[in-house]
Amino acid sequence: VSTQSTGRVHHSESSSPNFVLEGVQSEGNDSVTLDLVEPQNSEVVLDKSHSYIGDRGGDSLNISPEQAASCTKLSLRRNYIRNADTLLAAISPVSLTWLCLSANALTAVPECVGKMVNLRHLYLCNNKISVIENVDGCKHLETLELRHNQISKVDDGCLASLNKLKTLTLSSNNISTFSPNVFPTSLTFLGLYGNQIADFNLLLSVVQRLSELKTVYMGANMCFGGLPLRSSFNITVEYQPASAGGEAKRQKCEVMRYSFSDILRIVKERQPSLVSIDGNDV
């Protein structure tokens, strides 16, 4: 596969093996923006997006053995894939550093992902995945996108080995609760927008623990009445203030009506490293 190119191009719906799709977060409107970035000379990029793979029995990547052995970045976005393990069996798990399986029909994270020891970016948005699993072996993972799936909980330990993870998006799932300690402290971007989280203090505990966090999306959860964090809203939340040392006071939570700016202030106080909350500069 040729990896030479002359510069940036706009993405067309046809596949182009000369360019790699890069994901750009856009949590506020729950959309996915994909940008085309020129690959490095050492990269072998395969774009099999919109290729009807998995439709009407079509389950082959139609690539050469040389491509399968040397592929570093692979996009299978917007196909009809239900089981990616069979498709990816021919791909060298050691070579891949970037994999996009977004907008398919996956019900689970493929088992083969756990063998991709050099994988750095994994995109699994817009599927039917219910459990975060099979990522333990991806110790170099920096990006994990799981927006618009059917995840209801984040199990303790499921992200424990991902100590290089920078970006985690779990927006638009069915998550209601989790341990504040479940998220790697290396995170700089966390998306929890549009879930079923009813405890504002739980969100604050997560934010407070993640000392490297720069951007968080948390609006449209049950603790905000399902409303996004916008300047036109006043929101009734149950909130437990923190002491001067940052520890939550052992007292009854306050149920009060807060303005949009109050919510931003409270979150920022818990984590001064934040520069953006739900797309709002702080």
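This is a predicted model: local features need pLDDT of at least 70, side-chain atom pairs count only at pLDDT 80 or more; totals for chains, interfaces and linings use all residues.

Student: How many of the 10 residues of helix 3 are buried?

Tutor: Helix 3 spans residues 200-209 and is mostly covered. Its buried residues are F200, N201, L202, L203, L204, V206 and V207. The number of buried residues is therefore 7.

Student: Against which elements do the buried residues of helix 3 pack?

Tutor: Three of the partners are strands: strand 9 (189-191), strand 10 (215-217) and strand 11 (234-239). The buried residues of helix 3 also pack against a helix, spanning 260-270, namely helix 4.

Student: Which residues in helix 4 meet helix 3, and which residues in helix 3 do they meet?

Tutor: On the side of helix 3, the residues are F200, L204, S205, V207 and Q208. By class, the contact has 6 nonpolar, 2 polar and 1 charged residues. The residues in helix 4 that meet those of helix 3 are I263, I266, V267 and R270.

**The chain as a whole**

Student: What percentage of the residues of the chain count as buried?

Tutor: The secondary structure of the chain comes to 4 helices and 14 strands. The chain has 282 residues, and the share that counts as buried is 48%.

Student: Among contacts between residues at least 6 apart in sequence, what percentage join residues at least 24 apart?

Tutor: The contacts considered are those in the chain between residues at least 6 apart in sequence. Of these, the share joining residues at least 24 apart is 51%.

**Cysteines**

Student: How many disulfides does a search of the whole structure find?

Tutor: A disulfide is a covalent bond between the sulfur atoms of two cysteines. For C138, the closest cysteine sulfur is in C112, at 9.5 Å, which is too far for a bond; the cut-off for a disulfide is 2.5 Å. The search of the whole structure gives a count of 0.

Student: What are the relative accessible areas of C138 and C158?

Tutor: Buried residues have under 20% relative accessible area. C138 is buried, with a value of 0%. C158 is also buried, and its relative accessible area is 9%.

**Residues in loops**

Student: Is L141 buried or exposed?

Tutor: L141 is found in the loop between strand 6 (121-123) and strand 7 (143-145). Leaving aside neighbours within four places in sequence, L141 is in contact with L119, R120, H121, L122, L162, K164 and L165. With a relative accessible area of 0%, L141 is buried.

Student: What distance separates the C-alpha atoms of L141 and M116?

Tutor: L141 and M116 lie 25 residues apart along the chain. The separation of their C-alpha atoms is 9.6 Å.

Student: Which backbone nitrogen does the side chain of S60 reach?

Tutor: S60 is in the loop between strand 3 (45-47) and helix 1 (65-70), and at 40% relative accessibility it counts as partly exposed. Not counting residues up to four places away in sequence, S60 touches I53 and L87. Its side chain makes an approach of 3.2 Å to the backbone nitrogen of N62.

Student: Is T72 buried or exposed?

Tutor: T72 lies in the loop between helix 1 and strand 4 (73-75). Beyond residues up to four places away in sequence, T72 touches S42, E43, V44, S95, L96, T97 and W98. At a relative accessible area of 14%, T72 is buried.

Student: What is the phi of N126?

Tutor: N126 lies in the loop between strand 6 and strand 7 and is partly exposed, with a relative accessible area of 35%. Although N126 is not a glycine, its phi is positive, at about 55°.

Student: What value is phi of A220 near?

Tutor: A220 is in the loop between strand 10 and strand 11, and is buried with a relative accessible area of 15%. A220 is a residue other than glycine, yet its phi is positive, near 60°.

Methods
Residues are numbered from 1 along each chain as its sequence is written. Side-chain values use heavy atoms; hydrogens and water are left out. Buried means under 20% relative accessible area, exposed over 50%, partly exposed in between (1.4 Å probe, protein chains only). Helices (H or I, at least four residues) and strands (E, at least two) are DSSP runs, numbered from the N terminus. Contact means heavy atoms within 4.5 Å. Ala, Val, Leu, Ile, Met, Phe, Trp, Tyr, Cys and Pro count as nonpolar, Asp, Glu, Lys and Arg as charged, and the others, Gly among them, as polar. A polar contact is a pair of N or O atoms within 3.5 Å; within protein, one must be able to donate a hydrogen and the other to accept it, and residues adjacent in sequence count only if both atoms are side-chain atoms.
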